[in-house]
Every structure is written in structure tokens, then in C-alpha cells.
Amino acid sequence: MCDTCGCGHGDGVTIRKPGETEHNHDHVHTHSHEHEHNGEKHNHDHTHLHTHGHEHDHSHQHSVQSHTHNHDHHHHSEEHVHDHHHADHHHNHGKEIEVEQDILGKNNLLAERNRGYFEAKNILALNLVSSPGSGKTSLLERTIKDLGKKIKFYVIEGDQQTMNDANRIDQAGAPVVQINTGNGCHLDSDMINKAVKELNIPDNSVLVIENVGNLVCPSLFDLGEAARVVIISTTEGDDKPIKYPTMFQSSDICIINKTDLLPYVDFDMKKCKEYAMQVNHHLKFFELSVKTGEGMDKWYEWLKEQISE
Amino acid sequence: MHELSIAMNIIEIAEENAKNANASIISEIELDIGSQAGVVMEALEFAIESAKQGTMLENANWKINKITALARCNSCRHEFETEDLFSPCPKCSNPFSEIYQGKELRVKSLKVE
């Protein structure tokens, strides 16, 4: 269920670990049969064990403070005695409610709760965003393989369908849960809240959240991360930052991947960075190639700095 | 398609507030949507049309206030209207500015019965 929209539609979000296909519940049903043998009554209790695979749609109600200001003043002057029978005035006059509520308030509130949890446990939470195919999973795989001995990595994978990415991260050696959003185009803070409970992340580790490959929708949804990392690759256009400015504006780090392909593509590195800086001049860049390893050292340095801080 | 999530969220907020006021019908809803909030207005309107069916907002009058984006130049502090997130300052051409209005996504008010 998407808590952002609270829709609870059957297009179900599922949260699974590799090797876990569905949740299995064993139900015990007791059937009672009554037979009559030779005029004598026997009572047999049969116990059947049925195993069902269920997909659950949990509907959690998070207590959210609703900031509703209800300006409905009744001015009754105490000195006056009113002769009206108020009970007779039962017309339904339209009433105005000043709501002034942020539409993404629920997501933002829960994101702040996640953030507080991460901070208290000294967990560095990163939100990886990009279009599909820019190399989020490959970057993660390599980072886990290269730094996994020194840093404890935990991963939340977001995709509409399949366990493929979670299986790759599992192979790379980090604990991982896969969120399948079904038809959803982004992860939200409620999904992260639930996935984090599955992961049991110890203190002083790094949580990497790989968002759904989409350069538009995830930009609006704070997950509680410490930094948002946007990845583009040299096989994409160098004008991506101004084509999808919201994502670049909301990010802290920009990784430009597949630099090994620069001689073969029409990607102008300088121009791309200029565009990105126009949208967000706070961006910090890393140019690297996950494939050849070129430039990865700077990214690792940055990661280590974040942890020691 | 995050506009659908946003439409559902609007409805949830509106129904919650209407229920708290013991109302059963929402006759009018007013929204503030910033032009740089990351929402495509047409997509949002389309999403609202389908999301409102069967809710307290089914027959409501939707007032959507589109809020113009205003930016402040980081260099000369000039304030200007902008249609995107990256236009340079029209006065000093500095490309860096901060948007201080136009990112709103807010349910402003309701009229309920």
C-alpha cells in the first residue's frame, strides 16, 4: 500500500528479502465429524494443516498530527439572553474550514521520523535516483565489493517488479530487501519505514536506498535520507539536468557514470555540469566509470568522510 | 504519474478535515499549487477526475490557485518571476538564485456541509 496516497489499492507494494517468495502462513483448521457406528456415536476431530501463500496488504494508520485550524467562532455575549430556540435552526449552512495542510505532509512527517531514527543510530542513509539503466545497481555492487570489509552496507532496492536487483546485491554480499511498488513510480517514506524494520540495520552502518528508475516522480518524495545522489551516464544527453530539473535541484550529489564511454558518445561533460549547476549550485560531482573503476576512489573517499563525521 | 498519489493525498486530507468537522459533503476545495512544485497541472486535474469518484469530493467545486514562482538572485538579491528552475537573474545575469515561492502543494481550505 502506498501510504503517500493511502490508496490501499490492490496493486500491492511488496517487501521481500532474496529467497523469500511469499509469506507463508500455516493455518490449522479443525473439522469435527460425527459418525454413527452401530448406533453408537463417535466424534472424530480431524486436524488439517493448510499452507497458504498470502500477499498481505497491510493498512497501517500512522498517527499524523493534522494541522487543522478550525476557525469557527461563536460569539455569545453573556449579558444578553437569547430567546431563540437553537434547536430549530438546523439548516446546513456551508461551513468553511481553513486547512492549510501540505499535500505531501504525511510523507514528509514520516520521512523526518526515518531521519531521526537513522541519526540516532548513526546510519548514513543515501537515496540513489536516476533514469533506468544509468548504473545505480552496478555502482552499488562495486562499492559493496570494494568497501564491504570496512563499511557495513545495507540496501533497500526499489523496482516496480522482480527481485533481480536484490539478488545482485545479495550476491555482492550486503543484506538487502526488495520493495516492488507494483504500478508505483516512486518509493515513499512509509515503504522505507517498513523495509527498514525488515533489515534490522545495526548502528554505524550505511543504508543505500536504490529508488525506482525514474527521473521525475521520486524527486518529490523525501525518504529521510541524509543525502540524495542523482546518477546520470554519458550515454544519456548532457542536457538531462535542465530537462529534469526538479530531480537535480533536490539532489546533493551528482555522479556521472560510464566515463569510459566518453570517446564514443556525444556527451559534453563540461556542458552537463554547467547545466546541473544552473539548477543546483550546491551539487557535488563525481565523474567515474563503475566498469573500469576510474574515479571510484573519490567516491569512496567521500563515503568514508561521511561516516567518520 | 505521481500526480495520482498527490490527488489521492489531497482527497485524504480533505475527507479527514471534513469528518473532523462532522460534515459529509465537501462542496468546495481550494488548493495552492506552485508552478515549480514538480506537478503537471493537466496530469493533476486528470488524476483528480478519476480519484474523486465515490468520495466526499465527488461533486465539489475545485479551485486551484496556480502560484507563480518567484526567485531571488544570490548575487544582487533582485527578485524576479521565473518559469523554470534555472533561469539567470534578468538584472545581473547571475545563474544562481533561490526560489522562495512557487513550490507550494497545499490544501488551502474547504467548504463543507
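User: How many helices and strands does the secondary structure of chain A come to?

Analyst: Helices are DSSP runs of H or I with at least four residues, strands are runs of E with at least two, and both are numbered from the N terminus. Chain A comes to eight helices and eleven strands. This is a predicted model, where local features need pLDDT of at least 70, side-chain atom pairs count only at pLDDT 80 or more, and totals for chains, interfaces and linings use all residues. Residues are numbered from 1 along each chain as its sequence is written, chains are lettered from A and ligands numbered from 1 in the order in which they are written, and side-chain values use heavy atoms, with hydrogens and water left out.

User: What share of the residues in chain A is buried?

Analyst: Buried means under 20% relative accessible area, exposed means over 50%, and partly exposed lies in between, with a 1.4 Å probe and protein chains only. In chain A, buried residues make up 44% of the 309 residues.

User: Among contacts in chain A between residues at least 6 apart in sequence, what percentage join residues at least 24 apart?

Analyst: A contact means heavy atoms within 4.5 Å. Of those contacts in chain A, 71% join residues at least 24 apart.

User: How do I read a helix pair, and at what angle do α1(A) and α4(A) pack?

Analyst: Axes are lines fitted to C-alpha atoms, for helices over the stretch in contact, and angles run from 0 to 180 degrees between N-to-C directions. Helix α1 (residues 105-120) and helix α4 (residues 189-199) of chain A pack at about 35°. Their axes are 8 Å apart. A crossing is left-handed if the near helix is turned anticlockwise from the far one by less than a right angle, and right-handed if clockwise. For α1(A) passing α4(A), the crossing is left-handed.

User: Which residues make the contact?

Analyst: From α1(A), they include L110(A), Y117(A) and F118(A). From α4(A), they include D190(A), I192(A) and V196(A). For classes, Ala, Val, Leu, Ile, Met, Phe, Trp, Tyr, Cys and Pro count as nonpolar, Asp, Glu, Lys and Arg as charged, and the others, Gly among them, as polar. The contact of α1(A) with α4(A) has six nonpolar, four polar and two charged residues.

User: Which residues have the most contacts inside the largest nonpolar core?

Analyst: A nonpolar core is a set of buried Ala, Val, Leu, Ile, Met, Phe, Trp, Tyr and Cys residues joined through side-chain atoms within 4.5 Å. The largest one here has 35 residues, and I6(B), I10(B), I29(B), W62(B) and L105(B) have the most contacts inside it. Elements giving it two or more residues are β4 (95-102) of chain A, plus α1 (2-20), β1 (26-34), α2 (41-51) and β6 (105-112) of chain B. The largest share, eight residues, comes from α1(B). Apart from this core lies another, of 31 residues, with L140(A), M163(A), V290(A) and M296(A) among them.

User: What does the side chain of Q249(A) make a polar contact with?

Analyst: A polar contact is a pair of N or O atoms within 3.5 Å; within protein, one must be able to donate a hydrogen and the other to accept it, and residues adjacent in sequence count only if both atoms are side-chain atoms. The partner of Q249(A) is the side chain of K103(B), at 2.8 Å. Q249(A) is found in helix α6 (residues 245-249) of chain A. Beyond four places in sequence, Q249(A) touches V279(A), N280(A), L85(B) and K103(B). Q249(A) counts as partly exposed because its relative accessibility is 24%.

User: Is N211(A) buried or exposed?

Analyst: N211(A) is buried, because its relative accessible area is 0%. N211(A) lies in the loop between β8 (206-210) and β9 (227-233) of chain A. A polar atom of its side chain lies 3.2 Å from the backbone nitrogen of L187(A).

User: And where is S134(A)?

Analyst: S134(A) sits in the loop between β5 (124-130) and α2 (136-147) of chain A. S134(A) is buried, at 0% relative accessible area. A polar atom of the S134(A) side chain lies 3.3 Å from the backbone oxygen of S131(A).

User: Which value of phi does N204(A) have?

Analyst: N204(A) has a positive phi of about 60°, although it is not a glycine. N204(A) is in the loop between α4 and β8 of chain A. In chain B, phi of N22(B) is near 55°, also a positive value in a residue other than glycine. N22(B) is exposed, with a relative accessible area of 74%.
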